[in-house]
Amino acid sequence: MNLERSVNKAHAEERHGIFMRMYDLIEKKKHGEELTKDEIMAMIKGYVDGSVPDYQMSSMLMAIYFQGMTEEETANLTIAMAHSGDMVDLSGIEGIKVDKHSTGGVGDKTTLVIAPMVAACGGKIAKMSGKGLGHTGGTIDKMEAIPGMRTALTQEEFFSTVNKIGLSVVGQSGNLAPADKKLYALRDVTATVDSIPLISSSIMSKKLAAGSDSILLDVKTGSGAFMRTLDDSIELAKRMVAIGEHAGRRTIAVITDMDIPLGNGIGNSIEVKEAIETLKGHGPKDFTEVCIILATNMLYLSGKGDLDHCRNMVEESIRNGSALSKLAAMVEAQGGDSSVIYDPDKFEKEKYTYEVKSTEEGYVSHMNTEQCGIASMVLGAGRETVDSVLDYSAGIVLKKKTGDLVKVGDTLAVLYASKAELFDKSEEILRNAYTFSSEPVISRPLVLAKVTIDGVEKY
Ligand code: URA
């Protein structure tokens, strides 16, 4: 013990005249004690500057995994992580800026629909989004499927686009929450990703650093989501809402279903086309309803009136075409070819298509949504590793989903790829994702709960 302590003395950090050793902090957390704000600040600072090594931080992460953190500790951890890099100052943009974060899913192209809806109703969206990895897609990849579209803008371009048209969506810039980047990579290899305090601080540190005044969280639940059960999703949502409000940002979380792919399209240009159809009022019912609910809550967070009034405005933005015009305006402002928004047939065509026909008869009783995402990834639509190159036109259009009656020979899905040899593996994964039942199936609601600082409302 004494030997270990003297070795760790090298990593001691002086704070307010007290020596704070990482060893002692690990010991404290191991016994379930609460870390103070200063201890958390020192630990994160030390980890980012390299004075706390990976082996000690790994041990701390595992202690947090088993012992958890109080709401206050999680908020302090989030703030320390947010302040480890640039804190974006959006005061150069007029009005209340509202952000949205989805915990990730399959077929989730909501940002491309709700950001234009909110901007068409007078809201302001200055949003940074990420790239996809594994079975989940990323908004930036979908945007880059639009010919010419730039997702890296200068700060001046970003601010002036939002001030002029009400929205801009760009990739995450260089030094946003570097502590999260380093910690996430460590969690990934130490089996400590699935911890509610660690997930919530990771997500919220980036949201706080990104600078918006209020935040809508779309917390996914089900087989395609991080959180597989409704109870865990609600716990994660409660923690993130508490962090946002603690930091002075109005925050609401909506828990939405990811036990079924969202909409029918999975894949980058396929999803952009579905987003355009939705803005024209011809999108899939499930996806359209989720978008309307999310956009309504974002407008509410923007101070545009009560929820009924905000919903009416959102619906009108589809009927009068103003939301579609906003998407075209953003594409144009970011260097893209806006003519594809009005004529999606202009998107690059897929080289090969393949129809997956059902060999079974019955009702689709469940879809393993993670496997649907993987079936699309192997066609080239997603990244297996961070270095994978995407095929924007590849992906899947689902023809049958949970609750549908299927006969032998019916088309379950159409696959798109630029290499025909990719179809076999994708087909096998997709077939295994479907479960059938001889009894009709009652689909569960798309929006399962809402979490605000005042409590949880289950639907
Ligand atoms: N997304 C994040 O940004 N962080 C996590 O820990 C999990 C999902």
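**Strands, a buried helix and a ligand site**

Gly 362 stands opposite Val 406, a residue of strand S12. The model in which this pair sits is predicted, so to speak, with limits: local features need pLDDT of at least 70, side-chain atom pairs count only at pLDDT 80 or more, and totals for chains, interfaces and linings use all residues. Residues are numbered from 1 along each chain as its sequence is written, and side-chain values use heavy atoms, with hydrogens and water left out.

Strand S10 (residues 362-367) is joined to S12 by 2 bridges, and the two run antiparallel. Strands here are DSSP runs (E, at least two residues), just as helices are DSSP runs (H or I, at least four residues), and both are numbered from the N terminus. Two strands count as paired if DSSP finds at least two bridges between them. The open sheet has 3 strands in the order S12-S10-S14, with antiparallel pairing. Its edges are S12 (405-406) and S14 (434-437), each of which pairs on one side only. Helix H18 (residues 423-433) lies across S10 and S14, running at about 40° to S14. That angle is taken between N-to-C directions on a scale from 0 to 180 degrees, with axes fitted as lines to C-alpha atoms, for helices over the stretch in contact; contact means heavy atoms within 4.5 Å.

Another antiparallel pair is made by strand S15 (residues 447-452) and strand S16 (residues 455-458), joined by 4 bridges. These strands form a hairpin with 2 residues between them.

How is helix H6 placed in the structure? Helix H6 (residues 110-120) is largely enclosed by the rest of the structure, because 10 of its 11 residues are buried. Buried means under 20% relative accessible area, with a 1.4 Å probe and protein chains only. The buried residues include Leu 112, Ile 114, Pro 116 and Met 117. After H6 comes Gly 122, with a positive phi near 95°.

The ligand is surrounded by Tyr 184, Arg 187, Ile 199, Ser 202, Ile 203, Lys 206 and Phe 226, each with a heavy atom within 4 Å of it. For Ser 202, a side-chain N or O atom is 2.6 Å from a ligand nitrogen atom. Taken alone, the ligand exposes 240 Å², and the protein buries 88% of that, with areas from the Shrake-Rupley method and a 1.4 Å probe.

Definitions and conventions
Buried means under 20% relative accessible area, exposed over 50%, partly exposed in between (1.4 Å probe, protein chains only). A polar contact is a pair of N or O atoms within 3.5 Å; within protein, one must be able to donate a hydrogen and the other to accept it, and residues adjacent in sequence count only if both atoms are side-chain atoms.
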